[in-house]
Amino acid sequence: YGLDRFSSALGFVKQEEEIDYIVFGVETNAQMVEYVQTFHSVEIPKECIRELKDTIDVSDKTILFPQFWNVS
């Protein structure tokens, strides 16, 4: 679909009604501005959303809960 991972992830979250918040880390103000601009501008085709849902197990605790994230 011509989208990078970050844009795909933000677009997926943006279109999911069950998701209320996004948590991500930034190192600079410029990076935060870029992330917010990407969130507001990205649009993902419905077919891409279906494929992501079929591929990613969003009930996986290691994805949903930050305490399980490996941040080495």
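How many helices and how many strands does the chain have? The chain has four helices and zero strands. The model is a predicted one. Read along the sequence, the pattern is α-α-α-α. The C-alpha trace spans about 35 × 30 × 20 Å along its principal axes. Of the 72 residues in the chain, 17% are buried. Take the contacts between residues at least 6 apart in sequence: 67% of these join residues at least 24 apart.

Start with H1 and H2. Helix H1 covers residues 5–15, and helix H2 covers residues 29–41. Their axes come within 9 Å. They cross at roughly 55 degrees. Angles from 65 to 115 degrees count as roughly perpendicular, and those under 35 as roughly parallel. H1 and H2 are therefore oblique to each other. Their crossing is right-handed. Which residues make the contact? From H1 come Phe6, Ser7, Leu10 and Lys14. From H2 come Tyr35, Thr38, Phe39, His40 and Ser41. By class, the residues of this contact are four nonpolar, four polar and one charged.

Ser7 deserves a look of its own. Its place is in helix H1. Is Ser7 buried or exposed? Its relative accessible area is 11%. The cut-off for buried is under 20%, so Ser7 counts as buried. Setting aside neighbours within four places in sequence, Ser7 is in contact with Thr38, Val42 and Ile44. Thr38 is also one of the H2 residues in the contact with H1.

Now turn to H1 and H3. Here the axes are 11 Å apart, and the packing angle is about 95 degrees. The range for roughly perpendicular is 65 to 115 degrees. H1 and H3 therefore fall in that class. On the H1 side, the residues are Ser8, Gly11, Phe12 and Gln15. They meet Ile49, Leu52 and Lys53 in H3. The residues of this contact divide into three nonpolar, three polar and one charged.

Next comes the nonpolar core. Which residues make up the largest one? There are six: Leu10, Phe12, Val42, Ile44, Cys48 and Ile49. H1 and helix H3 (46–55) are the elements that give two or more residues to this core. Leu10 takes part in the contact of H1 with H2 as well. Phe12 belongs to the contact of H1 with H3.

Leaving aside neighbours within four places in sequence, Ile49 is in contact with Gly11, Phe12, Gln15, Glu16 and Ile44. Phe12 and Ile44 are also members of the largest nonpolar core.

Finish with two further residues of H3. Lys53 lies in this helix. At 43% relative accessibility, Lys53 counts as partly exposed. Not counting residues up to four places away in sequence, Lys53 touches Phe12 and Glu16. Lys53 and Phe12 are 41 residues apart in sequence. In space, their C-alpha atoms are 9.1 Å apart.

Asp54 also lies in helix H3. Is Asp54 buried or exposed? The cut-off for exposed is over 50% relative accessible area. Asp54 has 70%, so Asp54 is exposed. Asp54 and Lys14 are 40 residues apart along the chain. Their C-alpha atoms are separated by 17 Å.

Conventions:
Residues are numbered from 1 along each chain as its sequence is written. This is a predicted model: local features need pLDDT of at least 70, side-chain atom pairs count only at pLDDT 80 or more; totals for chains, interfaces and linings use all residues. Side-chain values use heavy atoms; hydrogens and water are left out. Axes are lines fitted to C-alpha atoms, for helices over the stretch in contact, and angles run from 0 to 180 degrees between N-to-C directions. Angles under 35 degrees count as roughly parallel, over 145 as roughly antiparallel, 65 to 115 as roughly perpendicular and the rest as oblique. A crossing is left-handed if the near helix is turned anticlockwise from the far one by less than a right angle, and right-handed if clockwise. Contact means heavy atoms within 4.5 Å. Ala, Val, Leu, Ile, Met, Phe, Trp, Tyr, Cys and Pro count as nonpolar, Asp, Glu, Lys and Arg as charged, and the others, Gly among them, as polar. A nonpolar core is a set of buried Ala, Val, Leu, Ile, Met, Phe, Trp, Tyr and Cys residues joined through side-chain atoms within 4.5 Å. Buried means under 20% relative accessible area, exposed over 50%, partly exposed in between (1.4 Å probe, protein chains only).
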